Amino acid sequence: MENPQAQASAMRDRRPDALGSLKVLPDELICTILEYLSPRDVARLACVSSVMYIFCNEEPLWMSLCVNKADGPLQYEGSWKKTTLHLENVPDELKEGHRKSLHFDGFNSLFLYRRLYRCHTTLGGFSFDGGNVERKELISLEEFYNQCDERKPVLLTGLADTWPARRTWTIDQLSIKYGDTAFRISQRSPKKISMKFRDYVSYMNLQHDEDPLYIFDDKFGETAPSLLNDYSVPQLFQEDFFEVLNREERPPFRWIIIGPERSGASWHVDPALTSAWNTLLCGRKRWALYPPGRVPLGVTVHVNEEDGDVHIETPSSLQWWLDFYPLLADGDKPIECTQLPGETIYVPSGWWHCVLNIETTVAVTQNFVNSKNFEYVCLDMAPGYRHKGVCRAGLLALDEDSFQDIQMNRICDAEDLSYPDLTRKEKRVKMQKPTEPSDHKTINNSASRGYILQKQGFSYDIDFLSTFLDKERDHYNFPWSSGCCIGQREMRGWLSRLWVGKPEIRELIWKGACLALNAEKWLDCLVEICSFHNLPPPTDDERLPVGMGSNPVYLLADCVVKIFVEGGLESSMYSLGTELEFYSILRASKSPLKNHIPEVLANGILYLENGTYKIAPWDGKGVPKVIRTCNLIAEKCKEDGFSFGVWRKEQFECRTARLSINEPMNSAGRTTIWPFIITKRCKGKIFAEIRDALFWEDALNLASFLGKQLHNLHLLPSPPLDMQSISDTAQRVKFSFPNGGMGDIPGESEIPQEWEIFISTLTARKRNIKSRLTHWGDPIPKTLIQKVDEYIPDDLTKLFGAYQDENGLNKICKDCSWLHTDIMDDNIYVELDGVGYCSSGNVADAHLVENGSANGCSDGGNDKSWHPSYILDFSNLSIGDRIYDLIPIYLDVFKGDSGLLKHFLESYRLPLLRKMHGLIEDGEKYIRLSYHAMCYCILHEENILGTIFSMWKELRTASSWEEVEQSVWGELNNYRGGASHS
C-alpha cells in the first residue's frame, strides 16, 4: 500500500516556498521582469530555488536576452542559452555543467505551457480556407485605380509570372548564391542584427521559437545588388513620389522577407500611412486585415502627446491566431486570405494587417506613396498626436471632450469613451486581452462595441481626418516624431522637389503641404510681406517654401524671403536680431567676407492684430512696440542698441540648455508674430544639389574657400560686452541650477567674462548628457553612453586652460570668435565657371532637377567646373570656440573626408588652441585638438553623434570614446596652426 504522506508530499505545490514573496506575482509578470536582467544575473538567479531555476532556463527568456545583447552578425549555437553564453564569452569548460537540465515535480504553469505549445506547434495540420479577399487576374491600371486603389486589399495573380525570382528565389538556390551574404534580421530589438544566409538556414532547421527570427532586410539591394535584377515593380505600383529622393535620402521602402513557419509580422499599420504590395515567391502566408481605425483585439496603441510618436504593443502573429482569433464573433473577424506562390497582395493606406507564415516563405515587398495616398502620408507627418491616433485607432483615440466637438448625427455614450489614461501625456487605446475563459463574453462585447463606434462615426477620409489636426502646433516649432519614416528637414526637401519636378500635380502637392507644413498660412505671410515692400506677388512656382531649412524660405525673382519661425518667437527674435547686429559690424569693417554674403534688402516683423496682418520695420535696434507687449526682455534696453544681439542670445541659449530634453521653451505669441528678412537672390546653385557633379579640384577649391571665409569670420570683431547683462545672467544661472553655482564652474574668477555663458551652456548640457544620448538612441552605442561621463571632463574649464597673465588679467588659451555654427551643404552657393547668370524668376530654375538646370543657370552639366561664391544663413550665429565651426563643415560639407579637412586648414591659418599654462591632471588629452572637437560633438545641441556613427559604421563597436575621437578627428592633431605647448 502506498504511503499517503509520501503521495501528498509528491503532489505539494513547490511554488510558494520556492518563490517566497514573489509568489503573489503571475508567471507572465515574473518572466517579463527576468528579461530586464543581464544574462549573468539570470544565471545567478537560477541557483536561488527550483522554480526560479525553471523560469531562468526557459528558451524564450534566453532568446530575448540574446537578441537584446547581440549587435551585428549573429550565429545560432543550437539553443538560445548556448548562443547567449557564447556572446558572453563564457569559457567552454564552464558551459559543460549546463548541458544536462534538472527536472522538478510539483510545479505547474499554464502560462509556460501555452508558450511551450506555441513554440513547438506545427501549422501543417491547421485548416486554412482561401479567405474572403478578392482575387483578380490580369487587371488593368485603370481598373485597379477605379476599383481597388486605397479602397480595399486585393490578391493579384500574374504580376510576377515573368520574374526570374519565381524560379530562383528558393531556399536552396539562395543558399548556393548568397550563403555567405549577411542579411538583416527583424526582431523586437532596437539593435541591428544580421546573419549569414547559410547560418540563418541552419537556424530555421533547428529552432523551436514561438516568434522565430525573420529576415526582413531593407538593404538587400545594396548587400546583394543582383537580387534587384530578379524582379521588377509591377506597373500598378510604379507611381512612387519618394522616387524624387536619392537612395540615401528616401526612407526604407523595399524588403526581402524570409522566414520559417510560425514566423511573421504582428499587427501593424505601415509607416507614414503608405500603401504596400507584397509578392510571395515560395511557401504560403496567412493574412488577416482590418480597415483603418479598427484596432484588432489584443493590440494596444500608444501615441505620445509631445511628438506624436506611435508605438504599438501586440502579441506575436502566432499567439494572436491561437489565443485571440478564436474569441472573435463572426462580425468581428478580420478579412482573411491565404497567399500562394506567385500571388501579390495589395495593402491600402492605413489598413491593419498581420501575417503568419504557414510554411517557410520567401517574399519581396515595397511601400510607396502615390497620388491616392499622398495626402494621408502628409497628414501623418503633421505635428501633433490626436490625428495620428484617430488614423490608427478611430474614434477610440479621442477623449470625451474631443469626441463631443465632432459634428455627428448621433449621441455619444460618454461612458464608452471614458478612459482614465487619456488624461496622461501618453494617450493609450487598448482593446482587452484574454485572461480566463470566464471573461470571453466581456472581451467579445468590448470588441463589438469598438466596431459599432467605428462604424457610426469614423471615416478614413482625408477631410474628416484633417479635422483632428492641432491648429496650435506648427511644423517648425514642435518636436518631430522619432517614429517618422523620414526626417523633418528631408520631408521639407521632399515636398520642395515634388513641387519643382511634378508641376502637373501641384494642386495635390499643395494640399499635402498644407497638411504637413501649414503652407497656406506661410503663403499668406509671404503675400503680406511682398505687398508691404512693393515686391511682385509670388507666382504659382513660388508658393511653396524651398529647400530643407528650418524656417520657411521663399525664392522670388530677384530676392529671397525668410520668415523666422523655428523655436518660437523668442528664439526667432534672437536669430534675426543677432544676424542684423552681425551685418552692422560687417558693414563697418573691411573684411573681405562681406563680398560673399547676400545683400540685405529689408527686414521687419509681421504680426496679426485683430485678424489683420501688419508689418513693423525693424533694423535690429531697440525693442519694437509689438514685442514689448510680450515681455521677452525684462531689462531696460537702449533704443540704439541691439536688444536681441548676440550676447543676449547667448543668455537665451544658456537658459534653453538647462531645460530637460522634453521641456519646450515658452514663447509668447509664437503663432501670431514672425520676424522676417529679405536678401538679394544669389547666383548659382546650392552646393547640396550639385555636390555629386563636382570634380576633386572643385572640392579642393571649396575647402580652400571655406577656410578663407571662416578665417575672415573668426577675425571679425565681436560686439562690446554688456558686463551688466553677463552679471545678471550669471545670477540667473546660479539660482536656476538645482545645486546652485555658475553651472558648477570652479574658479569662477579665472574665467574671462566673455566665456562665462559659453562654458555655462556646455556645463548645462553636460548635466543630462546620458539621458540626451539615450533619448537620441540608435546608432549611438549604449556601451559608449555609459562611459561618456568618464570621457568628458568634470571641469569643462580645463578645455580652455584658464590662467592669469603677468598683469593679473584672466585669460584662457583660446580666442573667442564669431561662430556661424551651421555651415552645411545647403548654406553654400556655387557658380559655374564661365557661365553667365540668367535668372528667370522661376522656382524650377532655382532648384536642381535631374537634368542639371537650377537656380537661374540652365547650362548645367558634369563637364563644367564649379567655384563657391556665397555663404548663407547667419541666423544661428554665436560667439565661442572656433573649433565648434569645424563640426558641420567636416561632417556635412566634407562628409568626413580628412583630405578636404586638411586642405581647409591650410587656408584657415588661425590658431585653435594656444599654449597651455600650468599643469592639468591628464593634461595630455587637453592639448589634443581631436579631444576638444569630440567633446563638442558629444555636448552639441544637435544629434551630431548620430551622424558620426552613421558615417563611420565600424565605430558602433568601438570600445572607447578615444577610439572614436582618433578615427573621426585625428587629422586635427596634425594642424600646424593648432595646439602649441612646451
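Trainee: Quick one. Where is Asn-89 found?
Mentor: Asn-89 is in the loop between α7 (80–87) and α8 (92–95). Helices here are DSSP runs of H or I with at least four residues, strands are E runs of at least two, and both are numbered from the N terminus. This is a predicted model, where local features need pLDDT of at least 70, side-chain atom pairs count only at pLDDT 80 or more, and totals for chains, interfaces and linings use all residues. Numbering starts at 1 along each chain as its sequence is written, and side-chain values use heavy atoms, with hydrogens and water left out.

Trainee: What phi does Asn-89 have?
Mentor: A positive one, about 60°, although Asn-89 is not a glycine. Most residues other than glycine have a negative phi.

Trainee: Peptide bonds, then. Is the one from Asp-778 to Pro-779 cis or trans?
Mentor: Cis, with omega near 10°.

Trainee: And where does Pro-779 sit?
Mentor: Pro-779 is in a loop too, the one between α31 (769–776) and α32 (782–791).

Trainee: On to helices. How do α22 and α23 cross?
Mentor: Helix α22 covers residues 506–517 and helix α23 covers 519–532. Their axes come within 6 Å and cross at roughly 95°. That makes α22 roughly perpendicular to α23. Axes are lines fitted to C-alpha atoms, for helices over the stretch in contact, with angles from 0 to 180 degrees between N-to-C directions. Under 35 degrees is roughly parallel, over 145 roughly antiparallel, 65 to 115 roughly perpendicular, the rest oblique.

Trainee: Which residues meet there?
Mentor: From α22, Trp-510, Ala-513, Cys-514 and Leu-517. From α23, Ala-519, Glu-520, Trp-522 and Leu-523. Contact means heavy atoms within 4.5 Å.

Trainee: How do the residues of that contact divide?
Mentor: For α22 with α23, seven are nonpolar, none polar and one charged. Ala, Val, Leu, Ile, Met, Phe, Trp, Tyr, Cys and Pro count as nonpolar, Asp, Glu, Lys and Arg as charged, and the others, Gly among them, as polar.

Trainee: What about α28 and α34, how do they pack?
Mentor: Helix α28 and helix α34 (residues 886–893) pack at about 170°, with axes 12 Å apart. That makes α28 roughly antiparallel to α34. Leu-702, Leu-706 and Leu-710 of α28 make the contact with Leu-886, Ile-889 and Val-893 of α34. Those residues divide into six nonpolar, no polar and no charged.

Trainee: Which strands does α28 lie across?
Mentor: Helix α28 (residues 696–715) lies across β27 and β28. The helix runs at about 25° to β28.

Trainee: What's the strand order in that sheet?
Mentor: β23-β27-β28, an open sheet of three strands with antiparallel pairing. β23 (685–686) and β28 (866–871) are at the edges with a single partner strand each, so one side of each is left without a neighbour in the sheet. Strands pair if DSSP finds at least two bridges between them.

Trainee: How many bridges join β23 to β27?
Mentor: Two, and β27 spans residues 828–832. In β27, Tyr-829 is the bridge partner of Ile-686.

Trainee: Last topic, β4. How many bridges join β4 to β5?
Mentor: Four, between β4 (residues 182–186) and β5 (residues 193–196), running antiparallel. Ile-185 has Ile-193 as its bridge partner in β5.

Trainee: And how many join β4 to β6?
Mentor: Two bridges join β4 to β6 (residues 214–217), again antiparallel. Ser-186 stands opposite Tyr-214 in β6.
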